[in-house]
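Here is a walk through one protein chain, written for someone meeting it for the first time. Have a look at the sequence and the fold, then read on.

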Amino acid sequence: MGDLQQQRKLEVLVIDDDEAIRLLLSDAISEVGDNVTTAVDGEEGKEKYFSKHNSDKSYDVVLTDLNMPNISGTEVIRIVKQTSPQTPVYCMTGKEASEEYQSLAIQLGELKPDGILQKPFNLEKIYQILNEVRSRNFS
């Protein structure tokens, strides 16, 4: 975890309708020095994504829940990957991860997420994702 604090800050978008998950991820990601923006559902997440994408800086990684009101996580993944295929998108689900990923791969094809996090997840997995994104973006 200490290595993360020595690096350039990532811009992370967290989209989840569960306030506890948003707070947990926001606190954990901020703790290692990265910038976090949260959204309460897919609609707000889409708006925040495009607002930043259309400015001078895009998000380095998007973490989205799958089952949300207004716009689903599946649609968020599709939107982000169509707009910016290189942006890593990880989805979070309470369902069995490998089955959910296979389903998403079929639904989204080339636009599938970069990975899936099964809830409840270990924060070390979040830190691992941040390290992977950082090494891809800034190495």
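This is a predicted model: local features need pLDDT of at least 70, side-chain atom pairs count only at pLDDT 80 or more; totals for chains, interfaces and linings use all residues.

## The strand in the middle of things

Residues are numbered from 1 along each chain as its sequence is written, and side-chain values use heavy atoms, with hydrogens and water left out.

## The overall layout

The protein chain has six helices and five strands. (Helices are DSSP runs of H or I with at least four residues, strands are runs of E with at least two, and both are numbered from the N terminus.) Along the sequence they follow the pattern α-β-α-β-α-β-α-β-α-β-α. Of the 139 residues, 45% count as buried.

Contact here means heavy atoms within 4.5 Å. Among contacts between residues at least 6 apart in sequence, 73% join residues at least 24 apart.

## The sheet

| Strand pair | Bridges | Facing residues |
|---|---|---|
| β1 and β2 | five bridges | Glu-11 and Asn-35 |
| β1 and β3 | four bridges | Leu-13 and Val-62 |
| β3 and β4 | four bridges | Asp-65 and Met-92 |
| β4 and β5 | four bridges | Thr-93 and Gln-118 |

Now for the helices that link strands. The chain goes from β3 through α4 to β4, and this β-α-β crossover is right-handed. (That means the path from the first strand over the helix to the second runs clockwise, with the strands pointing away from the viewer.) β1, α2 and β2 also make a right-handed β-α-β unit.

## Two nonpolar cores

In soluble globular proteins, nonpolar side chains tend to be buried together. A nonpolar core is a set of buried Ala, Val, Leu, Ile, Met, Phe, Trp, Tyr and Cys residues joined through side-chain atoms within 4.5 Å.

The largest one here has 19 residues, and those with the most contacts inside it are Val-12, Leu-25, Ile-29, Leu-63 and Leu-130. β1, α2 (19-31), β3, β4 and α6 each supply at least two of its residues. The largest share, five residues, comes from α6.

Leaving aside neighbours within four places in sequence, Leu-63 is in contact with Val-12, Leu-13, Val-14, Ile-15, Leu-25, Ile-29, Tyr-90 and Met-92. Apart from this core lies another, of 15 residues, among them Ile-15, Val-62, Ile-77 and Val-89.

## Two residues worth a look

Which loop holds Lys-119? Lys-119 is in the one between β5 and α6 (123-138). The Lys-119 side chain makes a polar contact of 3.0 Å with the side chain of Asp-16, and another of 3.1 Å joins the side chains of Lys-119 and Asp-65. (A polar contact is a pair of N or O atoms within 3.5 Å; within protein, one must be able to donate a hydrogen and the other to accept it, and residues adjacent in sequence count only if both atoms are side-chain atoms.) Beyond neighbours within four places in sequence, the contacts of Lys-119 include Ile-21, Thr-93 and Gly-94.

Gln-107 is found in helix α5 (residues 97-108). Gln-107 is partly exposed, with a relative accessible area of 43%. Leaving aside neighbours within four places in sequence, Gln-107 is in contact with Thr-74 and Arg-78. Gln-107 and Thr-74 are 33 residues apart in sequence and 8.6 Å apart in space, C-alpha to C-alpha.

Technical notes: Two strands pair if DSSP finds at least two bridges between them. Buried means under 20% relative accessible area, exposed over 50%, partly exposed in between (1.4 Å probe, protein chains only).
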